[in-house]
Amino acid sequence: MILAIDVGNTHIVLGCIDNGDILNIVRIRTDPHETTTEYAIKLKDIMELYEIDTNALEGAIISSVVPPVTQLLTEAVKMITGQDCMVVGPGMKTGLNIRIDDPGTLAPDILVGSVAAMEYYGVPAIIMDLGTATTIVAVDGNRCYRGGAILPGVKLSYEALAAGTSLLPDISIVPPEKVIGTNTVDAMRSGAVFSTAASLDGMIERMEEELGAPCAVVATGGLSNAIAPYCRRKITCDDDLLLKGLWILYRKNKK
């Protein structure tokens with residue numbers, strides 16, 4: 001069994017993975033101002049809460065888009081489990097040929113999600129991550145990562161809209177009953193859900209045109225289940241996509 005950790009801008013997702021089975025998924029808030037000891041205490045409490053024997057852990061792996069937290073968590077994992085934590089980054093065996101201008105700049109979460117989508121859903125594939133940012137990336141039929149698009153996350157966009165306007169409120173990202181909203185909140189929710197869904201449909205169409213083939217489309221991230229069902233294209237939502245990718249990368253790179 002291994003400990004897999006995915007550090008996002010807003011939340012940290014932890015899961016124990018035993019022979020590919022993902023167990024005990026926990027989410028905690030990402031806080032770069034916490035200390036190694038504070039993260040170690042949280043990890044210890046989580047292990048005790050779920051009755052996880054740290055002696056049963058053979059290793060750990062972390063993917064992080066928040067560099068200050070990466071070192072804190074790797075040290076915390078070492079304190080609690082005694083295991084060195086594998087860190088997703090350049091030089092790892094991935095099975096993915098990265099065809100972008102500077103492969104070293106590929107964000108770890110995008111790499112992990114692409115590896116998982118490739119192995120679980122086949123290629124060519126389009127992978128969407130709807131979180132603090134929305135990323136839409138493509139892997140072609142030759143298992144080459146071709147790049148993608150990055151745009152502001154839905155929640156982030158509407159928080160900025162509410163903060164920058166006097167008459168528009170902060171809203172929850174839920175679909176209204178119809179596209180044509182008849183009040184301010186429903187109009188904003190229509191834009192958040194239906195407009196974003198239409199945008200994703202359009203990006204899928206354009207990426208498939210460039211790749212020259214229809215693609216498997218996979219969505220993950222905190223808002224994937226709020227948006228993807230309203231797309232007209234078939235999109236598979238996989239909340240565990242990044243943990244699956246971490247499991248694959250751990251097996252490929254363990255000594």
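Which backbone oxygen does the side chain of Ser-114 reach, and at what distance? In this predicted model, local features require pLDDT of at least 70 and side-chain atom pairs pLDDT 80 or more, whereas totals for chains, interfaces and linings use all residues. Residues are numbered from 1 along each chain as its sequence is written, and side-chain values use heavy atoms, with hydrogens and water left out.

The side chain of Ser-114 reaches the backbone oxygen of Ile-110 at 2.8 Å. Ser-114 belongs to helix H3, residues 108-121; helices are DSSP runs of H or I with at least four residues, strands are runs of E with at least two, and both are numbered from the N terminus. Because its relative accessibility is 0%, Ser-114 counts as buried, a class defined as under 20% relative accessible area with a 1.4 Å probe and protein chains only. Apart from neighbours within four places in sequence, Ser-114 is in contact with Leu-96, Ile-127, Val-137, Val-139 and Tyr-145, contact being heavy atoms within 4.5 Å.

The protein chain as a whole comprises seven helices and eleven strands. Along the principal axes, the C-alpha atoms fill a box of roughly 60 × 45 × 30 Å. Of the 255 residues, 48% count as buried. Among contacts between residues at least 6 apart in sequence, 57% join residues at least 24 apart.

How values were computed:
Buried means under 20% relative accessible area, exposed over 50%, partly exposed in between (1.4 Å probe, protein chains only). A polar contact is a pair of N or O atoms within 3.5 Å; within protein, one must be able to donate a hydrogen and the other to accept it, and residues adjacent in sequence count only if both atoms are side-chain atoms.
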